[in-house]
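Visitor: Hi, I'm new to this one. Can you walk me through it?

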Amino acid sequence: MTDATLDNAPNAFVRRETLAQQPAPLSVAGPVAWIRSNLFSSPLGTVLTLVSLYIVIVGVEDLVRFYILDAVWTGANREACLADKIGRPVGACWPYVVDRFQYFVYGSYPVSQRWRVNIVFVMFALGVVWLLWNKAPLKKLGAFFFFIILPLSGFILLLGGATAEGLLRNLLLLSAALAVLYAVVSFVPSLAFWTPAPLLAAEREASPWQRFYRPKRLILMALVVFGLIAVIQQQLGLPRVDTGLWGGMTVTFLISAVGIVFSLPLGVVLALGRRSRLPIIQLLSVIFIEFVRGVPLITVLFMANTMLPLFVPQEYSPDRLLRPLIGVAVFASAYMAEVIRGGLQAIPKGQFEGAMSLGLGYGQMMRLIILPQALRIVIPGIVNTFIGLFKDTTLVAIVGIFDFLNTIQATLVDPTWATPTTRTTGYAFAAIFYFLCCWGMSRYSIAVEKRLAAGQRR
Amino acid sequence: MSSIPTETVSPGKASLFYDPKIRGYVYQIVLLLVVGFLIWSAASNVIENLRAQKIASGFGFWHNAAGFDVNQKLIPFSASGSTYGQAFFVGLLNTLLVAALGIVLATIIGFSVGVARLSSNWIIAKLAMIYVEVIRNIPLLLQLFFWYNAVLKPLPDARNSISLPGGIYLNNRGIIFPNPQFAPAFEWVVIAFLIGIAGSIAFYIWARGQQAKTGKQYPNGWVAFGLVIGMPLIVFLLAGQPLSFEYPQQGRFNLTGGLQIFPEFVALLVGLSTYTAGFIAEVVRAGILAVSKGQTEAANALGLRSGPTLKLVVVPQAMRVIIPPLTSQYLNLVKNSSLAVAIGYPDLTQVFMGTVLNQTGQAVEMVSITMGVYLTISLVTSFAMNIYNKRMALVER
């Protein structure tokens with residue numbers, strides 16, 4: 001039916017124009033309808049809503065009163081937080097946290113040397129952002145920085161003393177030697193006897209800076225970072241700080257960083273071992289993974305603490321802090337291996353067959369085809385494992401390491417700030433710290449998951 | 001392309017060096033040698049070090065006198081007359097006790113919160129979400145410290161105990177319940193209870209057979225309730241109420257009598273069950289969401305009401321998704337119960353890896369025994385899980 005026939009229709013009751021749209025009735029749209037369907041949908045729902053509203057109001061009021069309204073914000077010692085001294089009910093005692101904040105961050109690390117910890121913190125943050133921020137350039141260089149440069153320079157900066165100095169000198173020599181070798185080979189490509197002839201011809205065409213593209217930046221970065229540390233060491237000196245003095249968030253981050261840096265490569269090796277067709281390799285991987293996953297972390301830490309010194313000759317007895325670090329790294333690698341195995345299993349068989357039909361060997365196939373895809377899809381799983389690892393670092397307190405939680409425990413018995421509310425304040429501060437870290441990481445992992453699923457979205 | 005040579009290259013005899021089979025053998029032999037060497041050198045170092053430190057080895061300590069006391073014990077144990085072997089069982093039973101109760105509580109809380117997160121009631125769903133987020137993002141150890149040091153420790157001392165209805169007292173030494181005293185005739189009640197359970201299972205099987213044959217439904221729930229609760233109750237009354245309570249008495253300095261539950265146990269139980277419940281809630285939510293909406297709609301189209309739809313259609317399918325991760329949460333709870341060591345609850349780790357290890361110095365034996373127990377629990381559970389999974393797996397073409 002066309003418009004013309006409508007216009008000519010004889011019947012007066014046929015409407016000629018469209019009515020203006022009416023708003024939806026109040027019972028199905030708008031705030032009232034929302035409240036009715038989401039809060040008061042049934043008698044039981046109404047009761048539940050009222051009860052939970054009451055709980056929320058009472059709970060929030062108590063929390064706000066204790067941690068904000070009644071809280072003490074300034075003061076020099078416990079006198080400021082005692083109800084009978086200041087003549088009003090006292091909530092949280094925040095000056096205690098302010099006063100002890102340095103201790104919570106650095107532990108007993110000497111005050112004059114804390115800038116070293118700060119440098120490592122900055123490097124750590126840089127490495128994390130580099131690896132996790134999607135748009136950051138040069139990811140491979142970032143991985144090299146995070147997994148090789150950062151642990152070495154962190155060790156040198158935090159520990160200091162003769163050991164670190166010797167290591168630093170060797171590292172500098174090594175990177176300098178590599179740089180010289182690299183420069184020579186770039187200018188005289190015919191010296192590079194391992195390069196096949198066609199590639200060599202192409203190299204000759206390019207300008208020296210473009211030749212041998214790949215390891216150039218890695219060597220340069222190692223040279224710059226270790227050189228800077230050497231300059232710092234010459235100018236300011238890096239006296240030894242014993243690991244017994246390390247503490248607070250420094251140790252918490254240290255353990256988590258060591259955990260992730262070692263567990264990821266170990267996890268990859270174990271996961272590949274578990275998927276291997278060679279029976280002995282597979283069996284050993286399975287035994288290791290299932291054994292570690294079957295026991296609590298505390299027993300692994302106790303084992304590291306009491307049995308590691310027995311396993312090695314007495315003169316090599318590991319440092320008190322090194323033992324739980326090894327324990328955590330071993331523990332985390334088993335869980336990481338299972339996550340990565342999940343990723344390997346998700347790669348379709350065609351990828352393996354395609355790689356093999358191109359003539360790639362096992363190592364090349366894994367390195368170039370399989371692992372890049374497998375690791376990418378398990379990033380959320382890796383982050384979730386890391387959240388677990390981060391929470392589990394608190395357990396080192398049980399074997400006497402002063403991580404963040406243990407520094408809080410230690411200040412609670414200090415008479416300077418002994419008040420009835422100190423404990424609650426300290427725990428609240430710790431809870432906020434851990435919550436923000438873990439929650440932030442889980443948000444990140446959800447965001448990655450969404451991005452990875454973008455291809456499947458309709 | 002004519003430049004490609006057409007004649008095939010005959011596959012010459014590849015050198016042994018490139019034979020994948022030979023290479024595989026070589027890799028495995030090398031790995032075995034390396035692992036063997038590591039174990040051998042570790043073992044010889046252990047022997048060397050133990051000799052240097054004059055520490056005994058072997059399991060002879062098992063029958064030595066323990067010389068320490070444990071506050072919570074399910075079997076008789078005393079500092080004077082008991083051995084390390086008995087200490088092991090005290091610790092093991094305490095671990096199993098807190099784990100079993102924790103699993104029950106965590107399941108109840110976790111399922112409620114998981115269902116609440118999917119509730120159409122906005123405020124309930126948001127509250128459940130906040131619970132899950134807060135609980136899961138704070139380390140368990142901090143939560144245990146909170147429950148033990150910040151909630152239970154500041155309770156008044158025994159002289160100023162808080163009196164709760166039912167003769168229950170609350171103070172910083174724990175919760176003191178009236179101690180039930182069972183008369184000999186109480187055995188009949190227990191027997192009636194067991195018969196009730198057996199009877200209701202038998203009735204359920206019979207009723208299912210009847211339903212399959214005739215389509216008639218029987219009130220299984222009511223029959224079971226009557227058999228399991230009602231029958232023992234009648235026996236209890238008939239036998240002349242063979243149960244009395246010994247109420248705790250408020251003395252001058254302390255409470256005497258009653259059944260004391262230690263604050264370490266309460267803190268660990270509450271901490272473990274609320275923590276694990278946060279994870280179980282997520283498992284449950286994922287399981288329910290995994291059942292597609294079409295299943296509910298199809299059940300409704302068949303004329304099932306919401307109750308039977310849940311019971312017969314949604315829950316069985318959700319359980320298939322829920323149970324495997326649920327078991328691993330249970331295992332986590334068992335493993336996490338070793339955090340007892342931080343608040344001094346005498347579980348296996350605290351008693352054996354802590355006290356006994358410190359007294360004897362025999363690290364190798366203590367660590368391997370303790371790890372062996374947890375490992376056995378884990379392996380047995382995952383073995384059972386595999387069997388269950390095989391039975392529950394979807395049977396497809």
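Guide: A word on records first: UniProt positions are given in the numbering used here, feature names are shortened, and annotations may be inferred rather than shown by experiment. With that in mind, an unreviewed UniProt entry lists residues 249-445 of chain A as "domain: ABC transmembrane type-1".

Visitor: Where do the numbers and letters come from?

Guide: Residues count from 1 along each chain as its sequence is written, and chains are lettered from A and ligands numbered from 1 in the order in which they are written. This is a predicted model: local features need pLDDT of at least 70, side-chain atom pairs count only at pLDDT 80 or more, and totals for chains, interfaces and linings use all residues.

Visitor: OK. How much of residues 249-445 of chain A is helix, and how much strand?

Guide: That span is 78% helix and 0% strand. Its end C-alpha atoms lie 23 Å apart. Helices (H or I, at least four residues) and strands (E, at least two) are DSSP runs, numbered from the N terminus.

Visitor: And how many helices and strands does chain A have?

Guide: Chain A has 20 helices and zero strands. Its radius of gyration is 31 Å, well over the 23 Å that the globule rule gives for 458 residues, so chain A is more spread out than a compact globule. The radius is taken over C-alpha atoms; the rule is 2.2 Å times the number of residues to the power 0.38. Along its principal axes, the C-alpha trace of chain A spans about 100 × 85 × 50 Å.

Visitor: What about chain B?

Guide: Chain B has 12 helices and eight strands.

Visitor: At what angle do α18(A) and α20(A) pack?

Guide: About 170°, with their axes 8 Å apart. Axes are lines fitted to C-alpha atoms, for helices over the stretch in contact, and angles run from 0 to 180 degrees between N-to-C directions. So α18(A) is roughly antiparallel to α20(A). Angles under 35 degrees count as roughly parallel, over 145 as roughly antiparallel, 65 to 115 as roughly perpendicular and the rest as oblique.

Visitor: Who meets whom there?

Guide: Phe386(A) and Phe390(A) are among the residues of α18(A) in this contact, and Tyr434(A) and Met441(A) are among those of α20(A). The contact has 12 nonpolar, three polar and two charged residues.

How values were computed. Two residues are in contact if their C-beta atoms, placed from the backbone, lie within 7 Å. Ala, Val, Leu, Ile, Met, Phe, Trp, Tyr, Cys and Pro count as nonpolar, Asp, Glu, Lys and Arg as charged, and the others, Gly among them, as polar.
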